[in-house]
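Welcome, and thanks for taking a look at this one. Please keep the sequence and the 3D view open while you read.

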Amino acid sequence: MSTANGQETYIQQIFADRIGGANYGKDTAIYKFEKIKRAKAAAKKDFPDIELIDMGVGEPDDMADPGIVAKLAEEAAKRENRGYADNGIAEFKEAAAKYLGDVFGVESIDPVTEVVHSIGSKPAIAMLPSCFINPGDITIMTVPGYPIIGTHTKYLGGEVYTVPLTEENHFLPNLDAIPEEVARKAKLLYLNYPNNPTGASATPEFFAKVVEWAKKYHVVVVHDAPYAALTYDGLKPLSFLSVPGAKDVGVELHSLSKSYNMTGWRIGFVAGNPLVVKAFSDVKDNNDSGQFIAIQKAAAYGLAHPEITEKIAAKYSRRHELLVNALNELGFNAKKPQGSFFLYVQAPKGVEGGPTFATAEDFSQFLIREKLISTVPWDDAGHYIRFSVTFIADGEEEERRVISEIKRRLGDLKFIF
């Protein structure tokens, strides 16, 4: 049973089926983000003297606001903040409830029973199925989308039903197209607006329809809203919870990662229906011991200063305009989104006199390997690539230089759509 000579041990035979069972680790398929990682490494090796422009990473390029950092340092030095936080401190929950009111106009959120912190929104997405999914139950999610949304439903023996987001429907799911038998078996509906990767925004009318649909089929709505405050061009931030009846059917997940440049800090919150919040809190209590209290207090400071997010949004809005204009000059049909830091554009079918692209992944690999421009491909509902305007650039002059460099590298190509 030694592994020294490469032979399998009994461990290989006892992995859980949910991660592959006895075949765990033997899958030869290379997943999208691993392919991107390998392509970037190969491009850097082949062209060591050329800058790789990374527009694939969905992670802010800037630091958290100095006031937030200073608050963390202050609170981290206090002895009383050293212990377990469990399901959170009152100060953070009160700040979250006030934030929902001040920024989104959400009324009557009880910070005691209708808000609980999370260590970022990803763990909340992962844990919520444990509150509801039994074997055979269904989670409905949209594609393209964040794959982790469906993972834990499958782990629990449930099924995932996907609804495509298409340009024709403004990248909103067509709830009426969900089969009756699926809707009746569904326990959870995950939504995400402003959307990753499409950048699309929801409307109050759409959310009102979601509430009506959820009540009809007795489905819990989970609205993942990490980009909700990052809106542009006069679009006001919209919360699912601001729509009448929303709190009856679901919860909303907020994160400070994107809206406050606090990705690595891992802090967010779940708000809405008190029964769902309670159930999540119980499951969470069996998964973690809470985020560091000093981080919660620094986050509360941030939530009390939404002008920090407004400044960040202004930067992304400016970068979106630069990128959209550049891509359209190159022959793309790019449209500036009204929210998020993602730009989702149709991938070309090829280059005149050059390579053809059967998929968006083919085009994305071409951009990385031949032009050292990293993007993320999506082939779930049409062939699109996602640019992120979180590319590294300090100041407006550097932003313009990066975009000009993209135009220079692609300017000699005539794309076929």
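## The model and its annotated region

Please bear in mind that this is a predicted model. An unreviewed UniProt entry carries the annotation "domain: Aminotransferase class I/classII large", and it places this domain at residues 51-399.

## The largest pocket

The largest pocket has a volume of about 760 Å³. Its lining is made of 24 residues, and those nearest the centre are Tyr31, Lys32, Pro147, Thr151 and Lys154. Sorted by class, the lining has 11 nonpolar, seven polar and six charged residues.

Which element gives the largest share of this lining? That is helix 5, with four residues. Helix 5 spans 148-155, and it is one of the elements that each supply at least two lining residues. The others are helix 1 (32-46), strand 3 (138-143), strand 4 (159-164) and strand 12 (376-378).

How many cavities of 30 Å³ or more does the structure hold? There is one, and the space in the largest cavity comes to about 40 Å³. Among the residues that line the cavity are Thr142, Pro144, Gly145, Tyr146 and Ile149, along with Asn195 and Asn196. Tyr190, Leu191 and Asn192 also belong to the lining.

Strand 5 contributes three residues, the largest share of the cavity lining. The lining divides into five nonpolar and five polar residues, with no charged ones.

## Asn196, beside the cavity

Asn196, one of the cavity-lining residues, sits in the loop that runs between strand 5 (186-192) and helix 7 (204-217). Is Asn196 buried or exposed? Its relative accessible area is 15%, so Asn196 counts as buried, the cut-off being under 20%.

The side chain of Asn196 makes a polar contact, at 2.8 Å, with the side chain of Arg386. Beyond its neighbours within four places in sequence, Asn196 is in contact with Arg386, Pro144, Gly145, Tyr227 and Phe342. Of these, Pro144 and Gly145 are named in the cavity lining too.

## Thr309, buried in a helix

Thr309 belongs to helix 12, which covers residues 307-329. With a relative accessible area of 3%, Thr309 is buried. A polar atom of the Thr309 side chain lies 2.8 Å from the backbone oxygen of Ser259. Setting aside residues up to four places away in sequence, Thr309 touches Ser259, Tyr260, Ala229 and Leu230.

Ala77 is found in the loop between helix 2 (66-76) and helix 3 (90-104). Its relative accessibility is 66%, which means that Ala77 counts as exposed, since the cut-off is over 50%. Ala77 and Val270 are 193 residues apart along the chain, and their C-alpha atoms are separated by 28 Å.

Gly290 occupies the loop between helix 10 (274-285) and helix 11 (293-303). At a relative accessible area of 22%, Gly290 is partly exposed. Leaving out residues up to four places away in sequence, Gly290 touches Ala85, Asp86, His117, Ile119 and Lys284. From Gly290 to Asp380, 90 residues apart in sequence, the C-alpha to C-alpha distance is 35 Å.

Note on methods:
Residues numbered from 1 in each chain as written. Predicted model: local features only at pLDDT ≥ 70, side-chain atom pairs only at ≥ 80, totals over all residues. Heavy atoms only, no water. UniProt positions renumbered as here; feature names shortened; annotations may be inferred. Buried < 20%, exposed > 50% of the residue type's maximum accessible area, 1.4 Å probe, protein only. Polar contact = N/O pair within 3.5 Å; in protein donor to acceptor, adjacent residues only side chain to side chain. Contact = heavy atoms within 4.5 Å. 1 Å grid on protein atoms, 1.4 Å probe; cavity = no way out; pocket = protein on both sides within 12 Å on 5 of 7 lines; lining within 4 Å. Points joined across faces, edges and corners; volume = space filled by probe spheres on them. Nonpolar A, V, L, I, M, F, W, Y, C, P; charged D, E, K, R; others polar.
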